[in-house]
Amino acid sequence: MKNTTNPNPNEQSYSNAIQLSLPLNVGIIIEKDDPVYSFLEALQGVNLTKYVKPVRSNNTHSHDRVRLLKVLLFGYMDNERSLSRIASLCKTDIRYLYLSDEEKPSVMAFSRLTSLLTDTIENIFYDITKHIAVDLMEIDLNEGYVDGTKIEANANKNTFVYKKRIINQLPKVNERIREYIYQINELYGYSYCVLGDYYSGYVYSICQYLMEKIVEQNIELQYGKGKRKSYLQFVYDELLKLAVKLDEYEFWLAIMENRNSCSKTDYDATFMSTKWDYYNQSGITRPCYNCQVQVSKGIIVNSEIFQNPGDTLTWQPFMEKFYEHYGFYPSTPVADAGYGSYDNYMYNLLHGIKLC
C-alpha cells in the first residue's frame, strides 16, 4: 500500500471516524432539569390505558400505543402540532428518542393513533391537570382566577361577513322578487304567491318554470352587447340573480346562527376588536376567538374557546364545563367586571358561587 504523507508539515489532519462511547441510553444524556422529566412525573398518576389499547398487533413494525400517546402529548406540550414534525423529532431529538424508546415511529403510526383514541385530547388534558393540581400540588380548586383574551384566527381580515348587512339587504331583495312576480302574474297569467319573505328554493322553482316556457316557445336566448332579450328571458335572468343572492344570504345566516359576523375562510371565527384596535380607536375588527382560562396556583385547571366577542356570555358555559370535569362549582372564582351581569349574578347565587 502506498504511504501518503501530509505535504504541509504545519497543518494538522483530523480523522472523521466517530468513536462509540457510553452511555448507550439516551435518557442519561438529557439534562436533569429538562421538561421531559416533569412531563413523565405528571403522567405517573394518569391511567392512559383507558384511552388506547397498549398491546401490540401481530405486525412487527407496530408500536406501543401508550408510548406513542406520551410522545404525542409531549409534542403538544412542546408546541409541536404537526404529526410529520413529531415523527421527524423522534429520529433526531434525544427527548423524543427517549420517550419513544428509540423506535422512531412514522407519521402513519401517529395518524393511526389519533384515529384509535377512545376519548378526546381535551379529556386527557383534564385528567392530567387534575392529577397535578389535586394529587401532586394539593391545590384548592375552589379558588381560581378567570380571564380571557382574543386570539386572532388564521384568516384574512378582509373576509368578513356581517349579519346586519345581510338583514338590511334582505328586504330589498324580497321587494325586487315581488315586483317581478307581480309582472309575470299580470302579463302571463301565472299564479305565483306574493309573499313578504322568499326563500331561494321557491325562487329557483320559478326560474325553472320560466326556462321551460322559454324552451317551449322556442325563444332564442340572447347575451352580449347589442343583443335584445325577450322579456321572459329578462325576468328569468333577473330572478336567477336574486335567487343566487338569496341562497348566499341563507348560507351565511345558517353559518353565523346567533353570531353577528364570521369569516369567509374560517367559518368559526368571529370578527372582534382586539385590545390594540380598541385602545387605539382604529375601528378595525379582526377574525378572532375568545379564549377563556381559569388558573389556580399557576396551574390551568379549566379552558375553553368561545365565539362571543364579550366575556359576559362566556361565564355560565365556562362554569358548567368546570362542573362537568370536576363535579362541583368553584366557590370563590375571581374575575373582572367584564363578566358582570344580572344573569351571571343570579347564576352564581343558584350554584353556591360567592359574589366577591
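**View 1. Gly310, a partly exposed glycine in a loop**. With a relative accessible area of 36%, Gly310 counts as partly exposed; on this scale, buried means under 20%, exposed over 50%, and partly exposed in between, using a 1.4 Å probe and protein chains only. Gly310 sits in the loop between strand 6 (299-306) and helix 11. Helices here are DSSP runs of H or I with at least four residues, strands are runs of E with at least two, and both are numbered from the N terminus. Along the chain, Gly310 and Gly148 are 162 residues apart, and their C-alpha atoms are separated by 9.5 Å. Please keep in mind that this is a predicted model, in which local features need pLDDT of at least 70, side-chain atom pairs count only at pLDDT 80 or more, and totals for chains, interfaces and linings use all residues. Residues are numbered from 1 along each chain as its sequence is written, and side-chain values use heavy atoms, with hydrogens and water left out.

**View 2. Phe160 and the residues it touches**. Look for Phe160 in strand 2 (residues 160-162). At 30% relative accessibility, Phe160 is partly exposed. Leaving aside residues up to four places away in sequence, Phe160 touches Arg165, Cys262, Lys264 and Phe271; contact means heavy atoms within 4.5 Å. Ser200 is 40 residues from Phe160 along the chain, and 22 Å separates the C-alpha atoms of the two.

**View 3. The buried face of helix 3**. In helix 3 (residues 83-92), the buried residues are Leu83, Ile86, Ala87, Leu89 and Cys90. Down the helix axis, these buried residues fall within an arc of 160 degrees, so they line one face of helix 3; the arc is that of the directions from the helix axis to the C-beta atoms. Helix 2 (65-77), helix 4 (94-99) and helix 5 (107-116) are among what covers the buried residues of helix 3.

**View 4. Helix 11 beside helix 12**. The axes of helix 11 (residues 315-326) and helix 12 (residues 342-350) come within 10 Å and cross at roughly 25 degrees. Axes are lines fitted to C-alpha atoms, for helices over the stretch in contact, and angles run from 0 to 180 degrees between N-to-C directions. Helix 11 is therefore roughly parallel to helix 12, a label for angles under 35 degrees, with over 145 counted as roughly antiparallel, 65 to 115 as roughly perpendicular and the rest as oblique. Trp315, Gln316, Met319 and Glu320 of helix 11 meet Asp343, Asn344, Tyr347 and Asn348 of helix 12.

**View 5. Two residues with positive phi**. Most residues other than glycine have a negative phi. Asn218, though not a glycine, has a positive phi of about 55 degrees. Asn218 lies in the loop between helix 8 (200-216) and helix 9 (231-256), and is exposed at 69% relative accessible area. Glu257 also has a positive phi, near 55 degrees. Its loop runs between helix 9 and strand 3 (261-263), and Glu257 is exposed at 58% relative accessibility.

View 6. Cys288 is buried, with a relative accessible area of 0%.
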